[in-house]
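Please consult the sequence and the three-dimensional view while reading the points below.

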Amino acid sequence: MSIFGLGIDIEEVSRFKEKEYQKNEKFYKNIFTLDEIKYCLKKNDPYPHFTGKFCAKEAFIKATGDTKVKLSDIEISNSNGQPQLKFK
């Protein structure tokens, strides 16, 4: 897949914080992979991490212009402190 543009996304962490994971698992599973969920839930405050991963996914979609991509088909992982994007 070629990237034809630039993508950026900004979200308020409070949008995720207000949707507590334990009460909204289906919501999170529609957006994030199981590995992303596990990573975020290991953190004392998982919501900034969910927000960052969501923003990276949205930025990718905007950069490619492919609005048919499912958010759960994009995985944002961390390797040696650097984010990596994998697309199914």
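The largest nonpolar core has 16 residues, and those with the most contacts inside it are Phe16, Tyr28, Phe32 and Phe50. A nonpolar core is a set of buried Ala, Val, Leu, Ile, Met, Phe, Trp, Tyr and Cys residues joined through side-chain atoms within 4.5 Å. Buried means under 20% relative accessible area, exposed over 50%, and partly exposed in between, with a 1.4 Å probe and protein chains only.

The model is predicted: local features need pLDDT of at least 70, side-chain atom pairs count only at pLDDT 80 or more, and totals for chains, interfaces and linings use all residues. Residues are numbered from 1 along each chain as its sequence is written, and side-chain values use heavy atoms, with hydrogens and water left out.

**The core and its elements**

- The elements that give two or more residues to this core are α2, α3, α4 and β1. Helices (H or I, at least four residues) and strands (E, at least two) are DSSP runs, numbered from the N terminus.
- Helix α4 supplies the largest share of this core, 5 residues.
- In soluble globular proteins, nonpolar side chains tend to be buried together.
- Phe50 is in contact with Phe16, Tyr21, Tyr28, Phe32, Ile37, Cys40 and Leu41, leaving aside its neighbours within four places in sequence. Contact means heavy atoms within 4.5 Å.

**Aromatic pairs**

- The structure holds 12 aromatic pairs. Rings of Phe, Tyr and Trp (its six-membered ring) pair if their centres lie within 6.5 Å; planes under 30 degrees apart count as stacked, over 60 as edge-to-face and the rest as tilted.
- The rings of Phe27 and Tyr28 are edge-to-face, because their centres are 5.2 Å apart and their planes stand at 90°.
- Phe27 is partly exposed, with a relative accessible area of 29%, whereas Tyr28 is buried at 0%.
- Tyr28 also pairs with Phe50 in a tilted arrangement, 4.6 Å centre to centre with 55° between the planes. This pair links distant parts of the chain, since Tyr28 is in helix α2 (residues 25–31) and Phe50 in helix α4, 22 residues apart.
- One aromatic cluster is formed by Phe16, Tyr21, Phe27, Tyr28, Phe32, Tyr47, Phe50 and Phe54.
- The charged end of Lys19 sits over the ring of Phe27, 4.9 Å from its centre. A charge sits over a ring if NZ of Lys or CZ of Arg is within 6 Å of the ring centre and within 35 degrees of the ring normal.

**The two sides of helix α3**

- Glu36, Ile37 and Cys40 are buried in helix α3 (residues 34–41). They cover an arc of only 100° around the axis, so they are on the same side of α3. The arc is that of the directions from the helix axis to the C-beta atoms.
- The buried residues of α3 pack against α2, α4 and β1 (74–79).
- Leu34, Asp35 and Lys38 are exposed residues on the face of α3 turned away from its buried side.

**Two residues of helix α4**

- Thr51 is found in helix α4 (residues 47–64) and is buried, with a relative accessible area of 4%.
- The side chain of Thr51 reaches the backbone oxygen of Tyr47 at 2.7 Å. A polar contact is a pair of N or O atoms within 3.5 Å; within protein, one must be able to donate a hydrogen and the other to accept it, and residues adjacent in sequence count only if both atoms are side-chain atoms.
- Tyr47 lies in helix α4 and is buried, with a relative accessible area of 10%.
- The C-alpha atoms of Tyr47 and Val13 are separated by 6.2 Å, although the two residues are 34 residues apart along the chain.

**Strand β2 and the loops**

- Leu85 is placed in strand β2 (residues 82–87) and is partly exposed, with a relative accessible area of 37%.
- Asn80 lies in the loop between β1 and β2 and is exposed, with a relative accessible area of 79%.
- Phi of Asn80 is near 55°, a positive value in a residue other than glycine. Most residues other than glycine have a negative phi.
- Ser72 lies in the loop between α4 and β1 and is buried, with a relative accessible area of 14%.
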